[in-house]
Every structure is written in structure tokens, then in C-alpha cells.
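Reader: Please show me the protein. I would like to ask about its bonds, its core and its contacts.

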Amino acid sequence: LSSSSLGTFFVLPALHPVVCRMSDAQAQGRKRKGEGESACRFAMLSFGIAPSSAYDTVREVWNEFSGPFSRVNEFASVPLAMSVANAAQCHTASSVLEIGAGAGRAAFLRSFMLKESAKHVICDIAPKMVELAVKLAETLPENKRFDTFVVNGERTPFEAGSFEAVIANLVIQLTPCPFDLVKEAARLTKEGGRFAVSLWGQRSQSPMFTVLASALRDLGIDMASRGLPEEKPSSFELGEKLPQLVREFKDSGFGRVLHWRTTMQLAVMDGNEFFEFLMTQPRPTKIFAALSQAEKEKLKDKIIQRAEQYLSDYSPLKLEAIIVVGRKGK
């Protein structure tokens, strides 16, 4: 464990799983139920490479994206993060852990919700994200600051049953083995405590993250042939497997599980503002870099046109999200 001069900032050893955790009994039980491939196999295929490399990829992507995320995306995601915190009843908890906390904006605001004596801990796999979170924490009054860790949320070093509330906002659909994240959260959550997550919902209700792909299809531009294939599986896929996720919550020890749909809105008022937002995101910028000037102009016009179609119906460009919360025990 090493401490940084930035504040309470701990860098923990890399905890790469060689395989995703699933006991032989669990695997056999699922085969008997006719479930086919386990969720962990599905998750490992997220990157199509060895699991340890998958976690390295996640770390690299979010290190690279830490700046734009902290300046743009995080502000849009904070209201959803507050809903997740409420689902876990963080404001009544004596100890709170946020997994995949990003640059710490939600933790900053949540610190004013928590009980005076509450233990408040956040972690993220990307060191640059955690550095930003530390700097933000140091602007808080000393009694409101949270502890920050660089760690893989699927394999944490924290003691079993050490948190009354565990939360993860828009993280579980990104992690290479999402059901291992549920198992780890179950290990960390005290009896009677809560674990709450949010994840991407339906594609058809999420123009914030589908307009670009639709515009490319409209123009017949195939990015796979230019070395930029669509990510497989999509971040929407776990939400499409919601019954399996709920079952994993229950199998991991969360006796009562609830879920509902909500939205995350992007505060843009016209198509040009939406295009400016896209140009802060990693994949769109790579796509535009691979296009000819004529293709760039056509794609920009198509994106703006599609965005205006949504906005003209008085509807924001949004992501549909699903919140799932489980209570440990019966």
C-alpha cells in the first residue's frame, strides 16, 4: 500500500483474475437450469482477449478519457449517481463504498449527505481518475473527505462485511466480468446492507449513445473496414440480460432485489451542441479522424439532423438507465 502526496490516495497491487469466479457447483447448477454459457464467459468475451489484458484495456481507456469525462460526462451522470446512492440509502449508512467512482464528482456531493461519522471510501481501476478524485476531495472540509483507492472493483482488498452501502454508477456494464462485481459487492456488504447499481437500458430509448451509429449506417460508412469495429458486446447488452443480473444478485446473497428504469439527460439544446459533445468523446473523435473531409462534413450534418429530430419533440438526448438494488440477507 503506498500513499500519495495528493492526499489519502492508495495504490493497491494489480488484482487481475486469471479466470472469472464461478464454483463447479454453480456452473453445474446453471447447466441443469438450461442457462447455457455463464455470465462470466459472456463478460470475458467483452474484449475477446485474455482476462488480465481486458483489465489493462479498461484501465488504459479510462486513464485516457479521464480529462474529458471529468469536464463533460460526469456532470450528466451525477443526478443518476445520486439516485443510486438513495437506492442504497447511503445517507443512513455508517460506511459507504463506491466502486468505479471516476473523478469523484458524485462522491464530492454525496459527502454532504452522509452521517457525520460515516466511513466514506471510493475506488476506481484508473489511476488518473483517482488522482482527479483526490484533488476534488482536498477541496472539502476535512470532516467530509473520502478515502480513495486505485483497485479493480471485482477483486478488492477490503474486509468482508465492511460496508453498509455499496454502489456503482454506470460501471457494471463496462467491467469485463460483471457478475464477479456482484459477488464481490455481496462479500463486502454487511448483513442487512444494500448494493445498488445503474447500467445502460434500451438502445431504442438512448439516443445519446445511438445517434452516431445511426448516422454512420444512414451514410453507408463501415468503420469496421477502417479498423474501428463496434465494441462487442455492446454496453447495452447487460441491460438486455436483466433477468440474469437480478438472479445473480439473489444467488449472491441479496434476498430482496428491486429494479426500475430511469434516464440520464444530456443538457444540450440543439444539434450543434450535441455534435460538440460528441467531439469530446474517444470513439467519435477516432471515427472522424479516419474519415475524408467530405465524409466528415456529411456525417456532421447527419448527426446534427438526427439530434434535432429528437430535440424538436421537446425531448432531451438521453440514456435510458436501469437501477438495481439488493438488500443482503432475507
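Predicted model: local features only at pLDDT ≥ 70, side-chain atom pairs only at ≥ 80, totals over all residues.

Author: Residues are numbered from 1 along each chain as its sequence is written, and side-chain values use heavy atoms, with hydrogens and water left out.

Reader: How many disulfides does the count come to?

Author: A disulfide is a covalent bond between the sulfur atoms of two cysteines. The rule here asks for a pair of cysteine sulfur atoms within 2.5 Å. By this rule, the number of disulfides is zero.

Reader: Is Cys-177 buried or exposed?

Author: Buried means under 20% relative accessible area, exposed over 50%, and partly exposed in between (1.4 Å probe, protein chains only). The relative accessible area of Cys-177 is 0%. So Cys-177 is buried.

Reader: How many residues does the largest nonpolar core have?

Author: A nonpolar core is a set of buried Ala, Val, Leu, Ile, Met, Phe, Trp, Tyr and Cys residues joined through side-chain atoms within 4.5 Å. Cys-90, Phe-274, Ile-287, Leu-299 and Ile-303 have the most contacts inside the largest one. Its residue count is 45.

Reader: Which residues does Phe-274 touch?

Author: Contact means heavy atoms within 4.5 Å. Residues up to four places away in sequence are not counted. Phe-274 then touches Pro-207, Met-208, Val-211, Leu-266, Val-268, Ile-303, Ala-307 and Leu-317.

Reader: Which residue has its backbone oxygen 3.4 Å from a polar atom of the Asn-169 side chain?

Author: Asn-169 lies in strand S6 (residues 163–169); strands (E, at least two residues) and helices (H or I, at least four) are DSSP runs, numbered from the N terminus. Asn-169 is buried, at 11% relative accessible area. Its contacts include Leu-80, Val-84 and Ser-198. The backbone oxygen at 3.4 Å belongs to Ser-77.

Reader: Where do Arg-187 and Glu-184 lie?

Author: The two form a salt bridge, their closest N and O atoms being 2.8 Å apart; the rule is a side-chain nitrogen of Lys or Arg within 4 Å of a carboxyl oxygen of Asp or Glu. Arg-187 is partly exposed at 29%, and Glu-184 is buried at 2%. They are three residues apart, about one turn of the helix, and both lie in helix H6 (residues 178–188).

Reader: How many residues apart in sequence are the parts that Asp-218 and Arg-306 tie together?

Author: Their side chains meet in a salt bridge, 2.8 Å from N to O. Asp-218 is in helix H7 (residues 211–219) and Arg-306 in helix H12 (residues 293–311), so the parts tied together are apart in sequence by 88 residues.

Reader: Which strand holds Glu-320?

Author: Arg-261 and Glu-320 meet in a salt bridge, 2.9 Å from N to O. The pair links distant parts of the chain, 59 residues apart. Arg-261 lies in strand S8 (residues 256–266), and Glu-320 in strand S9 (residues 317–327).

Reader: What kind of aromatic pair do Phe-108 and Phe-112 form?

Author: Their centres are 6.0 Å apart, with 70° between the planes. Phe-108 is buried at 18%, whereas Phe-112 is partly exposed at 47%. The pair is edge-to-face.

Technical notes. Polar contact = N/O pair within 3.5 Å; in protein donor to acceptor, adjacent residues only side chain to side chain. Phe/Tyr/Trp six-rings, centres within 6.5 Å; stacked < 30°, edge-to-face > 60°.
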